[in-house]
Amino acid sequence: MAGFFKSLIQRFTKPDIDWDDLEASLIAGDLGPKLALQIVSDLQAQQRKLHGADIVQVARDHVRKILPESVPHLTPFADGRPKVLLIVGVNGVGKTTSTAKLAHLLQHAGHKVVLAAADTFRAAAVEQLQVWSQRLDAPLVKGPPNSDPAAVCFEGYEMAVKTGASFLLCDTAGRLHTKHNLMEEMKKIHRVLGRKDPTSPHEIILVVDATTGSNALQQAREFHKAIPLTGLIVTKLDGSGKGGVLVPIQQELKVPTRFIGLGEKVEDFQAFDSKRFVDELL
Amino acid sequence: MFSLLQEKLEDAFRKLRGTAKISESNIADAMKDIRMALLEADVDFTVTKDLIKAVTETAQGEDVLRTVNPGQMIVKIFHDELVKLLGGGATELDLSPPQRILMVGLNGAGKTTTSAKLASWLKKQGKRPLLIALDLYRPAAITQLQVLGQQLGVPVCVPPAGETDPVKATRAALKWLDEQGGGVAIFDTAGRQEVDDELLTQLKQVRDLVQPSETLLVADAATGQQAVAVASKFNETVTLSGLVMTKLDGDARGGALLSMRQVTGCPVKFIGVGEKVEQLEVFHPDRMAQRILGMGDIVTLVEKA
Ligand SMILES: Nc1nc2c(ncn2[C@@H]2O[C@H](COP(=O)(O)OP(=O)(O)OP(=O)(O)O)[C@@H](O)[C@H]2O)c(=O)[nH]1
Ligand SMILES: Nc1nc2c(ncn2[C@@H]2O[C@H](COP(=O)(O)OP(=O)(O)OP(=O)(O)O)[C@@H](O)[C@H]2O)c(=O)[nH]1
Ligand SMILES: [Mg+2]
Ligand SMILES: [Mg+2]
């Protein structure tokens with residue numbers, strides 16, 4: 001969907017716009033049916049001849065209004081308590097890689113980080129995070145295969161306190177939002193972390209793959225229903241997916257995109273910039 | 001989403017049924033709803049347009065307006081058209097010599113897991129599967145395949161320590177294969193984005209060395225509108241022979257499969273329905289069509305009628 005809005009300019013050149021076609025192409029851009037309808041009715045209400053550029057203008061304005069201008073930064077607690085980040089999402093979206101990227105970013109800002117390998121299920125998931133922990137020189141807490149992921153996070157908290165780390169990053173196993181038992185397991189992690197510090201986990205970040213279509217909104221709905229999300233990481237924006245779905249997620253659930261992933265290396269990671277997203281990516 | 005779609009289609013359907021005299025414009029209204037449903041199921045924009053056109057023509061040709069139940073009839077035509085697009089009956093895996101299967105796809109699609117699933121499936125067929133690790137990039141990708149191979153009791157070829165060039169690793173693997181005295185070799189490659197020319201060229205070099213009998217594109221059921229670009233680029237680069245759709249145990253409708261099928265002409269060989277190695281199934285176009293349309297019950301109903 002590279003330059004998705006620009007493609008609209010080329011397609012809708014004639015002043016007599018096929019409204020159904022426009023609505024369908026907005027949906028095809030992963031902006032979701034609700035927003036697509038709003039954009040179309042807004043355009044229809046304008047009593048003048050419209051061109052492709054007008055469409056893009058109106059669409060961009062709508063998206064701008066939905067996305068917050070800035071999002072909160074990740075700052076450590078002043079009292080020295082570790083800030084706990086729980087990284088969740090469906091299978092293969094980029095949770096483990098994003099956990100490493102976040103750790104790198106925080107270390108770069110001068111903070112001490114502890115990693116918890118709470119995916120005790122998938123083959124070599126622990127080893128994967130372990131490789132990152134070695135490369136980043138960040139301590140890692142792990143448990144035996146198929147052990148309780150909540151216990152790993154609990155131990156991670158203790159390790160963070162002991163080593164005086166400002167952040168604990170918990171990488172969890174991939175789970176489809178339709179799997180009841182796995183969603184319950186995640187709620188348990190959430191509960192158990194709360195025993196150490198009632199406000200923990202302080203950030204619950206859902207990782208979403210930019211290649212995902214309409215299902216991403218459904219994923220966000222279900223995860224948000226299970227545990228309150230505080231932000232999104234949209235990954236694989238170096239591919240052809242442009243992450244249009246983060247707009248309906250913000251619109252419906254008010255969960256802001258915090259970071260974006262742009263490759264497989266730790267540096268391929270940025271804080272989300274809504275202005276750039278609207279002006280360039282979309 | 002599932003129930004929402006179903007409701008929408010049933011609505012369109014009811015609208016049609018409720019009208020005493022069904023006109024062409026009624027049909028056009030229903031088509032609009034169905035188009036939206038297909039788009040929401042991640043069917044490609046152009047594929048959707050073509051599909052609607054084809055169905056509208058068939059509907060006119062068969063004089064749907066005169067049938068007792070035009071709504072059901074249209075649904076049935078849609079379903080049949082989808083089944084046709086998805087490729088008719090189930091297709092077998094090509095296991096002719098050199099019995100080599102190359103797994104390719106985007107990052108995190110499920111290649112490594114599906115490699116192990118295929119090995120398990122082949123074993124059950126009385127074949128001798130062999131797993132070959134060619135992902136030198138993702139941390140612990142080799143260990144992942146080793147662990148899975150161990151669980152299954154299937155030999156795993158790992159690249160020489162410190163090797164970073166997948167082409168060299170492929171040469172070493174082919175030597176290893178020669179020593180194995182036969183078997184079906186499954187090559188697990190690193191994930192890559194279809195816009196990354198460097199990594200695609202590398203994949204092509206691996207392919208040219210392996211000369212696989214099957215090159216399978218592994219794709220996530222939740223893939224959106226990029227499906228066409230992804231499938232056509234992989235097909236151009238390594239000439240695909242089949243598709244595998246993973247994570248169909250979730251609620252993604254999998255409309256991307258239609259686009260991938262259309263653009264590559266390759267049959268769908270398997271579907272993944274879970275994280276465990278035995279959760280691999282043979283593909284049924286009719287079930288998939290019903291899933292994409294979100295109207296399983298209606299179709300069964302029409303068939304009974
Ligand atoms: N191109 C690209 N690849 C990425 C990005 N983020 C992650 N990946 C790749 O996506 C694949 C899956 O990443 P993981 O971090 O293992 O994903 P995960 O969500 O932890 O997967 P599970 O734990 O198995 O559910 C790997 O090949 C990563 O290198 C990104 O921003 N761009
Ligand atoms: N629920 C479900 N999960 C699956 C299925 N197939 C694979 N997975 C999961 O998807 C995630 C990614 O799978 P991998 O096999 O590591 O994917 P990959 O394509 O090899 O990833 P890269 O090598 O990093 O590109 C893992 O968490 C798998 O357990 C499936 O059919 N259903
Ligand atoms: Mg992981
Ligand atoms: Mg892999």
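Tutor: Two strands pair if DSSP finds at least two bridges between them. Helices (H or I, at least four residues) and strands (E, at least two) are DSSP runs, numbered from the N terminus. This is a predicted model, in which local features need pLDDT of at least 70 and side-chain atom pairs count only at pLDDT 80 or more, while totals for chains, interfaces and linings use all residues. Residues are numbered from 1 along each chain as its sequence is written, chains are lettered from A and ligands numbered from 1 in the order in which they are written, and side-chain values use heavy atoms, with hydrogens and water left out.

Student: How do you know that S5(A) and strand S6 (residues 231–235) of chain A pair?

Tutor: They are joined by 5 bridges and run parallel. At least two bridges are required, so the two strands pair. Within this pair, A:Leu206 is opposite A:Leu232 in S6(A). From S5(A) the chain passes through helix H9 (residues 215–226) of chain A to reach S6(A), a right-handed β-α-β crossover (clockwise from the first strand over the helix to the second, with the strands pointing away from the viewer).

Student: What makes strand S1 (residues 83–88) of chain A a partner of S5(A)?

Tutor: There are 4 bridges between S1 and S5(A), in the parallel sense. A:Leu85 is opposite A:Glu203 in S5(A).

Student: Why is strand S5 (residues 203–209) of chain A called mostly covered?

Tutor: Buried means under 20% relative accessible area, exposed over 50%, and partly exposed in between (1.4 Å probe, protein chains only). In S5(A), 7 of its 7 residues are buried. One side carries A:Glu203, A:Ile205, A:Val207 and A:Asp209, and the other A:Ile204, A:Leu206 and A:Val208, with both faces covered.

Student: Why is B:Thr237 counted as buried?

Tutor: Its relative accessibility is 13%, under 20%, so B:Thr237 is buried. This residue lies in helix H9 (residues 227–238) of chain B.

Student: Is A:Asp137 buried or exposed, and how do you know?

Tutor: The relative accessible area of A:Asp137 is 69%, over 50%, so this residue is exposed. A:Asp137 lies in the loop between helix H6 (125–136) and strand S3 (140–141) of chain A. It has a positive phi of about 55 degrees although it is not a glycine.

Student: Why is B:Gln99 called partly exposed?

Tutor: Its 23% relative accessibility falls between 20% and 50%, so B:Gln99 is partly exposed. B:Gln99 also has a positive phi of about 55 degrees without being a glycine. It sits in the loop between H4 and S1 of chain B.

Student: Why is the site of ligand 2 called shared?

Tutor: Residues from chains A and B surround ligand 2, so the site is shared between chains. A residue is near a molecule if one of its heavy atoms lies within 4 Å of it. Of the 24 residues around ligand 2, those that come nearest are B:Gly110, B:Lys111, B:Thr112, B:Thr113 and B:Arg138.

Student: What makes B:Arg138 a polar contact of ligand 2?

Tutor: A polar contact is a pair of N or O atoms within 3.5 Å; within protein, one must be able to donate a hydrogen and the other to accept it, and residues adjacent in sequence count only if both atoms are side-chain atoms. A polar side-chain atom of B:Arg138 is 2.4 Å from an oxygen atom of ligand 2, so the pair counts. The side chain of B:Asp249 places an N or O atom 2.8 Å from a nitrogen atom of ligand 2.
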